[in-house]
Amino acid sequence: MKTYYNIYVNDDFWRVFDTEHEAKKYLYEFQKTHHVKTEIIVTGGKKSNVGR
């Protein structure tokens, strides 16, 4: 089973990445210009499965 790193902004799904490094890099740049609640949620399964 593949692992995906999903970024949620204000509790809504935003983007999905294949690696933790890509997700953290994007999140770091995103947080420079947006002051909102963000989190990375790790899921397994198909890429279209982005639910918690």
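Is E22 buried, partly exposed or exposed? With a relative accessible area of 39%, E22 is partly exposed, where buried stands for under 20% relative accessible area, exposed for over 50%, and partly exposed for the values in between (1.4 Å probe, protein chains only). E22 belongs to helix α1. Its C-alpha atom is separated by 8.7 Å from that of Y5, a residue 17 residues apart from E22 along the chain.

The model is predicted: local features need pLDDT of at least 70, side-chain atom pairs count only at pLDDT 80 or more, and totals for chains, interfaces and linings use all residues. Residues are numbered from 1 along each chain as its sequence is written, and side-chain values use heavy atoms, with hydrogens and water left out.

The protein contains 1 helix and 3 strands, arranged from the N terminus in the order β-β-α-β. These elements are DSSP runs numbered from the N terminus, with helices of type H or I having at least four residues and strands of type E at least two. Of the 52 residues of the protein, 25% count as buried. Among contacts with a separation of 6 or more, 51% are between residues 24 or more positions apart, a contact being heavy atoms within 4.5 Å.

The largest nonpolar core is made up of 7 residues, namely Y5, I7, V9, F17, A23, L27 and F30. Strand β1 and helix α1 each supply at least two residues of this core. A nonpolar core is defined as a set of buried Ala, Val, Leu, Ile, Met, Phe, Trp, Tyr and Cys residues joined through side-chain atoms within 4.5 Å. When neighbours within four places in sequence are left aside, L27 is in contact with I7, T38 and I40.

A pair of aromatic rings is described by the distance of the centres and the angle of the planes. Rings of Phe, Tyr and Trp (its six-membered ring) pair if their centres lie within 6.5 Å, and the planes count as stacked under 30 degrees apart, edge-to-face over 60 and tilted for the rest. The count by this rule is 4 aromatic pairs. One of them is edge-to-face, because the rings of Y8 and F13 have centres 5.8 Å apart and planes at 75°. Y8 is buried at a relative accessible area of 5%, whereas F13 is partly exposed at 35%. The pair of W14 and F30 is tilted, because the ring centres are 5.7 Å apart and the planes stand at 50°. W14 lies in strand β2 and F30 in helix α1, so this pair ties together parts that are 16 residues apart in sequence. A relative accessible area of 44% makes W14 partly exposed, while F30 is buried at 8%. One aromatic cluster is formed by W14, F17, Y26 and F30.

Charged groups also lie over aromatic rings. The charged end of R15 sits over the ring of Y26, 4.7 Å from its centre, and the charged end of K2 sits over the ring of Y4, 5.5 Å from its centre. The criterion is that NZ of Lys or CZ of Arg is within 6 Å of the ring centre and within 35 degrees of the ring normal.

In strand β3 (residues 38-44), T43 is buried at 11% relative accessibility. The side chain of T43 makes a polar contact of 2.7 Å with the side chain of N6. A polar contact is a pair of N or O atoms within 3.5 Å; within protein, one must be able to donate a hydrogen and the other to accept it, and residues adjacent in sequence count only if both atoms are side-chain atoms.

Two loops remain to be described. The loop between β1 (3-9) and β2 holds N10, and D11 is also placed between β1 and β2. Although not a glycine, N10 has a positive phi of about 50°; D11, not a glycine either, has a positive phi of about 65°. N10 is partly exposed at 43% relative accessibility, and D11 is partly exposed at 42%. T19 lies in the loop between β2 (12-17) and α1 (20-33) and is partly exposed, with a relative accessible area of 34%. The C-alpha atoms of T19 and Y4 are separated by 6.9 Å, with the two residues 15 residues apart along the chain.
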